[in-house]
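Hi,

Here is the structure I promised to pass on to you. Have a look at it first, and then read on for what turned up in it.

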Amino acid sequence: MTETARLYGGSLYELASEEQLADTILEQMRQIRTLFRENPDYLRLLGEPSIPKGERLDLIEKAFGSQAERYLVSFIKLLCEKNLLTEYGGCCEEYTRRFNADHNIAEAVVTSAVPLSSKQAEELRAKLEKISGKTISLIQRTDPSIIAGLKVELEGVHLDGTVQGRLAGITRRLNETVV
């Protein structure tokens with residue numbers, strides 16, 4: 001994440017907190033980030049220097065003006081005016097980081113071979129909340145190369161409960177004992 005993204009994302013978070021819109025803007029930022037990811041041509045269009053800035057700002061207004069908080073629409077327009085729309089993802093990350101810190105939320109990235117059932121996800125979330133003492137936001141990823149088990153990353157700590165991870169641990173211990 002760039003310093004620019006930290007500055008802009010943090011500033012938006014401070015404003016949203018003062019206006020008691022932090023939850024709403026967080027959700028809308030995520031939705032817009034998904035839209036930008038799914039429509040990279042639209043994002044390129046908004047950054048196209050051959051299109052006058054006024055027209056690009058009008059495109060933002062038409063797309064988000066009636067659906068998103070005014071502060072967020074103005075924020076996206078500001079990024080467009082300063083040719084910083086490519087920093088939007090980093091701004092979202094900084095905003096989310098600050099929101100999570102203020103609300104005692106930790107993100108846990110869980111990787112498994114197949115998607116977890118809702119019951120499994122809830123049980124894992126409950127265990128992680130008990131371990132961390134924080135509310136857990138669970139992000140699930142799948143990786144077919146993980147034959148069985150789970151990998152969990154929580155606040156920089158990597159927990160590897162996969163078969164591969166366990167075998168690697170056994171191999172390491174065997175290599176250490178065989179001198």
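In helix α1, the buried residues are A5, Y8, G9, G10, L12, Y13 and A16. Keep in mind that this is a predicted model. The cover over those buried residues of α1 includes α2, α5 and α6. The helix itself has 16 residues, and from its first C-alpha to its last α1 reaches 22 Å, close to the 22 Å expected at 1.5 Å a residue.

Most residues other than glycine have a negative phi. N104 is another non-glycine residue with a positive phi, near 55°. You will find N104 in the loop between α6 and β1, where N104 is partly exposed at a relative accessible area of 37%.

Next, α5. Its 12 residues should span 16 Å at 1.5 Å a residue, and the end C-alpha atoms of α5 are 16 Å apart, which agrees. Buried in α5 are L72, V73, F75, I76, K77, L79 and C80. Among the elements that cover them are α1, α2, α3 (40-46), α4 and α6. Just after α5, N83 has a positive phi of about 55°.

Which residues touch the most other members of the largest nonpolar core? They are L72, Y88 and Y95, in a core of 31 residues. At least two residues of this core come from each of α1 (3-18), α2 (22-38), α4 (53-64), α5 (70-81) and α6 (88-102). Another core, of 11 residues, lies apart from the largest one, and its members include A106, A108, V110 and L154.

On to helix α7, which covers residues 118-132. This helix has 15 residues and reaches 21 Å from first C-alpha to last, close to the 21 Å expected at 1.5 Å a residue. A121, L124, R125 and L128 are buried in α7. Why do these buried residues line one face of the helix? Seen down the axis of α7, they fall within an arc of 105°, so they share one face. As a reminder of the geometry behind this, an α-helix has 3.6 residues a turn, so residues three or four places apart point the same way. On the other side of α7, K119, K127 and K130 are exposed. The buried residues of α7 are covered by elements including β1 (105-112), β2 (135-142) and β3 (150-154). After the helix comes G133, with a positive phi near 75°.

L150 is found in strand β3. L150 is partly exposed, with a relative accessible area of 26%. Not counting residues up to four places away in sequence, L150 touches V110, T111, S112, L116, L124, L159, D160, G161 and T162. For a sense of distance, L150 and P40 are 110 residues apart in sequence and 32 Å apart in space, C-alpha to C-alpha.

The largest pocket has a volume of about 380 Å³. Of its 13 lining residues, the closest to the centre are R30, R33, R37, E107 and I139. Which element gives the most to the lining of the largest pocket? That is α2, with six residues. At least two lining residues come from each of α2, α6 and β2.

T96 is one more residue to look at while you are there. T96 is found in helix α6 and is buried, with a relative accessible area of 12%. Its contacts, not counting residues up to four places away in sequence, are L26, R30 and E107. R30 and E107 are also among the residues closest to the centre of the largest pocket.

Best wishes

Notes
Residues numbered from 1 in each chain as written. Predicted model: local features only at pLDDT ≥ 70, side-chain atom pairs only at ≥ 80, totals over all residues. Heavy atoms only, no water. Helix = DSSP H or I, 4+ residues; strand = E, 2+ residues; numbered from the N terminus. Expected span 1.5 Å × (residues − 1). Buried < 20%, exposed > 50% of the residue type's maximum accessible area, 1.4 Å probe, protein only. Arc of directions from axis to C-beta. Contact = heavy atoms within 4.5 Å. Core = buried A, V, L, I, M, F, W, Y, C linked by side-chain atoms within 4.5 Å. 1 Å grid on protein atoms, 1.4 Å probe; cavity = no way out; pocket = protein on both sides within 12 Å on 5 of 7 lines; lining within 4 Å. Points joined across faces, edges and corners; volume = space filled by probe spheres on them.
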